[in-house]
Amino acid sequence: MDNTIGIGLLGFGTVGSGVYEHLTRNGNLLRERLGIDLRIERIAVRDPAKERTAPRELFTTDITAVINDPRVRVVVELMGGLREAKTAIEAALRADKVVVTGNKALLAEHGAEIFALSDAMSVPVFFEASTAGGIPIIKAVREAFVANHFLSFHGIINGTSNYILTRMTEAGLDFPTALAEAQARGYAEADPTLDVNGWDAAHKAIILASLAYGTWVRPDGISVEGIDAVSAADIRFARQLGYRVKLIANINAGDQGAISVGVHPTLIPQDHVLASVNGVFNAIAVKGDVVGDALFYGRGAGGGPTASAVLADVADAATALVNRGTPRCSGFRAHGLYGKALPPDAVVSRYYLRLAVDDQPGVLAQVAGALGRNGIGISSALQPEQHDADGRAQLILMLDRARHAQVKSALAEIEALACVKPPAALLRVETFA
Ligand code: NAP
Ligand code: HSE
C-alpha cells in the first residue's frame, strides 16, 4: 500500500507558510503517528516574485494546476477571500480532492452551497482552522459532544479584538496603537476591518451555530457589533462596576428550539473565567445537556496555532484516504431539529447604558421615565463626581433584562431628551446566571 498523501497548498501567507514550516519540522512525528507520509507537492500563490521559505520549484500562480495535479489528493485552501476561494474549493470537490480550509468568511457566506456540493460529490470539507485557530472546537462539537443538545456557547473568538481590548485595559494603549501591534504580530486579517467590526467573530459564530444546530445560519439574520463601539471610558466604568469588557459571541438555544446568535462587546463579571482570557487567546464556554459545562482555551490566531488545526484536518483526511479510501463525509449535516435564528430585536439581555447629561435636577427621573415606559427596570446607577470634557455629567445605568426592541425604543426616547447629549453608549451585560 502506498502511504504517501500528496497535498496541494493554495496560499502561502501567515497560515500557509506555517503549515509548510510545521509539516517540514514535524513530518517524521506525523509519519510515526499516522504511518503516512504527508507531502506538499505544489503551492499556489498570487505573486511569483515574493521571497518564499519553501523550494521555488513548488510554486505556481495557477490554482487549477495545483488542484488537477494527479499527485495531490488533499487541497488545502488558505488564500482567504470569497470568489476565487469558492471556485477553487468547488473545483477540488468536483475533481474528487478532499478539501481542508480555514476560510471562515467563505463558509459563513456560502457554507450551505459548499456543503451541499460536498454531500453531492461524497467528498468532505474539513474546516477546523476556520473557528478559534488552534482550539479543536469543531472536532469537539462534531465528535466529542455528538450526544448533546447544545444549550449555549459563549466565546471570545477573535484574537485581534481580544488583544486590543486587553492592551487598552491593561496598558492604557489607544485603539490605533493596539491594532498596529496586533497586525505586526500576524493576528489581524490583512484587512482588519472584519476583526474590529465584529464580523470575523460573527463568521466563526455562524459556523459553530450551524454545526451545532444543523441549519445554516444566515449572516443577515444575526446581530453583530464590534469593538469599534467601545471607548476607554466604558472600559474604565465597567471595571469600577466589577466587570471586564470582552467581545463575546453568544449562541443560545431557546425554549421552542429557536436559536439566537450574536456578537457584541459585553460586560462580563471580572471573576468569571472568560474575564481572565487575555491577549490573543480565545476561549469558548460550551453548555451541553449531557456533558454540562466545558471550557476550551488556546491561541485563536497566528501561523502556528492555525497550522496545527490545518495539519490535524490533513491528518484525518489522509488517514481515512489511506485506510478506507474515502474519508467520512462532510462535517455539516442539515437537519430540522431546531428552529430558525431569533430576530435580533427579540433577543433578551441585560444592558449597560452611559449617558452624557446636563448636571441639573430631574434628569435621572426623565431617563428613568423613558426606561419605565418601555418596561425596563434599572438595577444600579453610578454618577461620578467628575464631568466629561464637555462639562457634562456621566450617568451610568445597569439595566434589567429586556428585549433589544424595548431597549432600542427607550434609547430613541432618551436621546431625544433635551438634557441628554447623544450618542449614548449601550453595551450588553452577561452574568451567566
Ligand atoms: P495571508 O497571509 O493574506 O495569505 C494569503 C495567501 O494566499 C498568500 O500567499 C497569497 O499569495 C495567496 N493568495 C491570495 N489570493 C490568491 C489567488 N487568487 N491565487 C493564488 N494565491 C492567492 O492570509 P492568512 O492570514 O494566511 O489566512 C489564510 C486563510 O486562513 C484566510 O481564510 C483566513 O481567514 C484564515 N485564517 C487565518 C488565521 C490567521 O491567524 N492569520 C487564523 C485562522 C484562519 P501571495 O503570497 O503571493 O500574496
Ligand atoms: N484575525 C483572526 C483573529 C484570525 O484575530 O482571531 C483568526 O481567525
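Modeller: A residue counts as near a molecule if one of its heavy atoms lies within 4 Å of it. This is a predicted model, in which local features need pLDDT of at least 70 and side-chain atom pairs count only at pLDDT 80 or more, while totals for chains, interfaces and linings use all residues. Residues are numbered from 1 along each chain as its sequence is written, ligands are numbered from 1 in the order in which they are written, and side-chain values use heavy atoms, with hydrogens and water left out.

Colleague: Which residues are around ligand 2?
Modeller: They are K104, N158, G159, T160, Y187, E189, D195, D200, K204, G300 and A301. By class, this shell has two nonpolar, four polar and five charged residues, where Ala, Val, Leu, Ile, Met, Phe, Trp, Tyr, Cys and Pro count as nonpolar, Asp, Glu, Lys and Arg as charged, and the others, Gly among them, as polar.

Colleague: And what lies 2.4 Å from an oxygen atom of ligand 2?
Modeller: That is a polar side-chain atom of K104, and an N or O atom in the side chain of K204 is 2.8 Å from a ligand 2 oxygen. G159 instead uses a backbone N or O atom, which lies 2.7 Å from an oxygen of ligand 2.

Colleague: How much of ligand 2 does the protein bury?
Modeller: Ligand 2 exposes 250 Å² when taken alone, and the protein buries 94% of that, with accessible areas coming from the Shrake-Rupley method with a 1.4 Å probe.

Colleague: Switching to ligand 1, which residues come nearest?
Modeller: Of the 24 residues around ligand 1, the nearest are F12, D47, K50, R52 and G302. A polar backbone atom of G302 is 2.7 Å from an oxygen atom of ligand 1, and a polar side-chain atom of K50 is 2.8 Å from a ligand 1 oxygen. Taken alone, ligand 1 exposes 900 Å², of which the protein buries 87%.

Colleague: What classes make up the shell around ligand 1?
Modeller: The shell around ligand 1 has nine nonpolar, eight polar and seven charged residues.

Colleague: Last topic: what lines the largest cavity?
Modeller: Its lining consists of L165, T166, T169, E170, R244, V245, K246, A275 and N278; a cavity here is a set of points, on a 1 Å grid over the protein atoms alone, where a 1.4 Å probe fits but cannot get out, and lining residues have an atom within 4 Å of a point.

Key: A polar contact is a pair of N or O atoms within 3.5 Å; within protein, one must be able to donate a hydrogen and the other to accept it, and residues adjacent in sequence count only if both atoms are side-chain atoms. On a 1 Å grid over the protein atoms alone, a cavity is a set of points where a 1.4 Å probe fits but cannot get out, and a pocket is an open set with protein on both sides within 12 Å along at least five of seven lines; lining residues have an atom within 4 Å of a point.
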